[in-house]
Amino acid sequence: MSDFRRNCIEQKLLIGTFAAIPHPVAIEVTAASGVDFLCIDWEHSQIGRERIEDLIRAADVHRVPAMVRVPGHAAEDIAAVLDAGAAGVLVPRVSTAEQARNAVKATRYPPLGARGVGPGRAAAYGYRIPDYLAKANAELVLAIQVETAEGLANVAEIAAVDGVDLLFIGPGDLSVSIDAMGPAGKEKLDAAIRAITKAALSAGRAVGIFRPSPDDVGAWSEAGISFFMLASDAMFLGASLAAGVDAARAGKHDGNKG
């Protein structure tokens, strides 16, 4: 079993970020920052399938696990990123146990699943297919994203599906789906997050969540969440640049006082 999957399953604290900038330089800068993992966001970013392999390769330079959030449930998309060498997949909008079982089938080779065998980068382009087949089922992380009212209602059944390593909570979509947006919906959203967390932990699954900032990571860690996706490379770039510009303007203003 890879250290990444073992650390996920053993619910060790893992801090990562979404990779939304479609360039290997951004991946290398992010990987060198000290993150435990990164997740290439194929769902919500302008990243093409052909580019994903180069981004995974860039993460490999720094030996940082790179998983991919696929755009949907299609088995061919899941197979494509795994063949490219991804350390795992994050499957969005999983709302039923059947959808979770299909995700397991797409990520695991027989007899655990139905993933097809191909000579991709993960298998050294065909040179080491037997070696890859022998370890892939045990090393790849399957995270499924619970972010709908239906998923919340079915979370106990979803968490019980064998082969799922981690339930990942998407607070943004979840808040929209359960009508808990904004400050007025915070209590309702927090209750939903805690319900998902409790169901997942009861089934022996790790729990992850997206957070736009690290401010409440400690509080959610105490609630049992161990896998944190902090913002994205693009969000950190924007926030850091904005803070630098503000500081420079404030410094110039202070200097003019003298």
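1. V68 stands opposite V89 in β4. Strand β3 (residues 66-69) and strand β4 (residues 88-91) run parallel and are joined by 3 bridges; two strands are taken to pair if DSSP finds at least two bridges between them. Helices (H or I, at least four residues) and strands (E, at least two) are DSSP runs, numbered from the N terminus.

2. The model is predicted: local features need pLDDT of at least 70, side-chain atom pairs count only at pLDDT 80 or more, and totals for chains, interfaces and linings use all residues. Residues are numbered from 1 along each chain as its sequence is written, and side-chain values use heavy atoms, with hydrogens and water left out.

3. The strands β1-β2-β3-β4-β5-β6-β7-β8 form a closed barrel of 8 strands with parallel pairing. On average, neighbouring strands of this sheet are turned by 25° against each other, direction ignored. Helix α4 (residues 75-83) lies across β3 and β4 and runs at about 150° to β4. Axes here are lines fitted to C-alpha atoms, for helices over the stretch in contact (heavy atoms within 4.5 Å), and angles run from 0 to 180 degrees between N-to-C directions.

4. A search of the whole structure finds 16 salt bridges, each being a side-chain nitrogen of Lys or Arg within 4 Å of a carboxyl oxygen of Asp or Glu. One of them joins the side chains of D41 and R69 (2.9 Å, N to O). This pair links distant parts of the chain, with D41 in strand β2 (residues 37-41) and R69 in strand β3, 28 residues apart. Both D41 and R69 are buried (under 20% relative accessible area; exposed is over 50%, partly exposed in between; 1.4 Å probe, protein chains only). D41, E43, R69 and R93 are linked in a network of salt bridges.

5. R108 forms a salt bridge with D165, the closest N and O atoms being 3.0 Å apart. R108 lies in the loop between α5 and α6 (129-139), and D165 in the loop between α8 (155-159) and β6 (166-169), 57 residues apart. R108 counts as buried because its relative accessibility is 3%, and D165 is buried at 6%.

6. R101 is partly exposed, with a relative accessible area of 39%, as is E98, with 40%.

7. T30, in helix α2 (residues 24-31), counts as buried at 11% relative accessibility. Leaving aside neighbours within four places in sequence, T30 is in contact with T17, V35, L38 and D233.
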